[in-house]
Amino acid sequence: MRKRTLIPIFYILFLMLPIYWLVAMSFKTTQEILGGFSLFPQTFTLENYAVIFTDPTWYWGYINSIIYVSLNTVISVAVALPAAYAFSRYRFLGDKQLFFWLLTNRMAPAAVFALPFFQLYSSVGLFDTHIAVALAHCLFNIPLAVWILEGFMGGVPKELDETAYVDGYSFPRFFAMIFLPTIKAGVGVAAFFCFMFSWVELLLAKTLTAVEAKPIAATMTKTASSAGYELGLLAAAGTLTIIPGAIVIYFVRNYIAKGFALGRV
Amino acid sequence: MKTENQRAWFFVLPVMLLVAFNALVPIMTVVNYSVQETFGNNVFFWQGLDWFEQILRSDRFHAALGRQFMFTFLILIIEVPLGIIIALSMPRKGFWVPVCLVTMALPMLIPWNVVGAMWNIFTLPDIGLLGYLMNHTLGIEYDMTQDPFAAWVTIITMDVWHWTSLVVLLSYAGLVSIPDAYYQAAKIDGASPWKVFRYIQLPKMKTVLTIAILLRFMDSFNIYTEPFVLTGGGPGNSTTLLSIDLVKIALGQFDLGPAAAMSLIYFAITLLVSWLFYTLMTKDDAK
């Protein structure tokens with residue numbers, strides 16, 4: 001049993017090493033980084049972070065990312081809920097085909113869609129808005145949310161619905177008051193995955209924005225190329241992108257394992 | 001038992017409309033480009049299936065496709081067994097469970113270009129932690145901007161770092177759903193650890209593993225940002241995977257016709273292989 005615990009420990013160490021390096025780099029001065037190798041920051045500096053928090057092009061990148069990711073999570077889960085309910089409770093014309101078609105959209109390489117997406121969203125006048133990115137990310141998040149929620153709802157016995165109707169609940173009231181609380185773990189897991197895939201995606205987000213809604217990750221690539229080799233600044237910006245993800249996982253930590261097992265994910 | 005109800009369509013309508021808006025219009029645009037030639041100014045000429053033929057016959061496409069299959073194959077045979085082993089050796093209850101889950105899920109929540117940038121910083125020959133250790137402490141020459149082999153090892157390691165946790169989390173979810181009674185029964189029968197794994201744990205993990213393998217296949221086959229930021233497809237073309245090549249043709253050379261034809265072929269291959277995987281892995285369930 002002793003030897004066994006070493007495996008997760010080594011794995012977590014392996015996961016943490018590059019992250020440690022990024023964080024350590026963010027506290028170093030550019031001079032120290034380019035000057036040579038040092039395991040810990042020798043002249044500890046917060047200057048890199050100061051630049052990010054005082055320059056609007058930097059901190060607006062974060063705000064933009066958070067806005068479109070939140071919008072996308074809300075839209076995806078909201079429209080996926082009734083659809084997943086329909087898939088888990090009813091048979092209807094073309095249900096299997098529709099479900100499969102939804103899943104195929106997760107298989108489409110984002111690179112394929114980049115250019116047509118740009119043209120589509122430009123032509124409807126949504127280019128460079130938060131809602132454009134939020135809607136575009138629906139392409140792969142809605143299928144995933146429907147899939148996860150359908151798994152969870154399938155685990156809820158149909159008798160629950162029937163009892164509620166006998167007790168005189170209307171459908172919307174039943175859905176909101178009884179059904180949603182029953183599958184709240186599923187909603188949490190679905191929201192987590194939507195947040196995750198929207199937060200980490202960059203190709204579409206970058207293609208659909210220019211100034212007003214530019215995500216932080218795109219700000220990073222632009223700065224990296226224009227300002228030369230400012231590794232410290234890049235590392236600080238990278239470190240800050242890890243934080244929202246860490247907060248979100250912390251909230252769903254109890255659902256991750258349980259949620260996975262309950263739903264079919 | 002599900003009941004027949006055509007009004008259920010109203011429930012799926014919002015999803016349908018949103019996804020159709022995002023999927024059908026762009027894919028039709030791609031189809032449109034794939035059969036036409038343009039010299040700019042929005043003037044198009046009918047080209048038929050020439051682009052498809054050209055792409056299917058081109059050595060460049062074959063090479064990129066070969067590299068893509070190689071990459072996906074390598075990461076699958078590393079990540080899936082490794083993920084299962086880690087999930088098996090994780091604690092089942094107590095304080096360390098959430099700690100493991102949170103730290104393991106962390107790499108998956110880092111934006112993909114940050115992952116690329118992070119590994120770039122990590123592997124710089126003289127100032128990166130890994131690069132320094134390899135070159136100066138261990139004395140192994142390591143520079144992924146020069147050596148294709150080093151570049152391959154690096155992108156594979158990066159993907160293992162990034163995504164093994166997905167397999168771990170899914171397998172772990174399958175494992176914790178096994179009731180204790182199963183293990184007690186196995187103990188009474190005197191089953192070896194291998195037998196417990198083969199006849200109790202593996203069957204219980206089958207559904208989640210199917211999902212893990214499918215997701216890993218789809219995502220690794222479509223991978224773009226991380227290797228692009230890390231190696232830019234180089235040195236030479238050694239790590240130019242399919243989507244990197246596609247973007248080079250579409251946006252670098254602005255050859256919209258060939259790029260669109262390539263997109264459709266690419267999409268068709270992904271669909272076909274996913275479908276094959278899916279039918280093979282769920283074959284037993286249908287019986």
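**Briefing: helical chains A and B**

In chain B, the end C-alpha atoms of residues 65-277 lie 18 Å apart, and this span is 77% helix and 0% strand. The UniProt annotation "domain: ABC transmembrane type-1", from an unreviewed entry, covers those residues of chain B. The model is predicted. The points below turn to chain A, starting with its overall make-up.

**Secondary structure of chain A**
- The secondary structure of chain A amounts to 13 helices and one strand.
- Along the sequence, the elements of chain A follow the order α-α-α-α-β-α-α-α-α-α-α-α-α-α.

**Annotated transmembrane regions of chain A**
- An unreviewed UniProt entry assigns the feature "transmembrane region" to residues 7-27, 66-87, 99-118, 130-153, 174-200 and 231-252 of chain A.

**Dimensions, burial and contacts of chain A**
- Taken along the principal axes, the C-alpha atoms of chain A fill a box of roughly 75 × 60 × 30 Å.
- Chain A has 265 residues, of which 48% are buried.
- Of the contacts in chain A between residues at least 6 apart in sequence, 80% join residues at least 24 apart.

Terms used: Residues are numbered from 1 along each chain as its sequence is written. Chains are lettered from A and ligands numbered from 1 in the order in which they are written. This is a predicted model: local features need pLDDT of at least 70, side-chain atom pairs count only at pLDDT 80 or more; totals for chains, interfaces and linings use all residues. UniProt positions are given in the numbering used here, feature names are shortened, and annotations may be inferred rather than shown by experiment. Helices (H or I, at least four residues) and strands (E, at least two) are DSSP runs, numbered from the N terminus. A residue is buried if 20 or more other C-beta atoms lie within 10 Å of its own, exposed if 12 or fewer, and partly exposed in between; C-beta atoms are placed from the backbone. Two residues are in contact if their C-beta atoms, placed from the backbone, lie within 7 Å.
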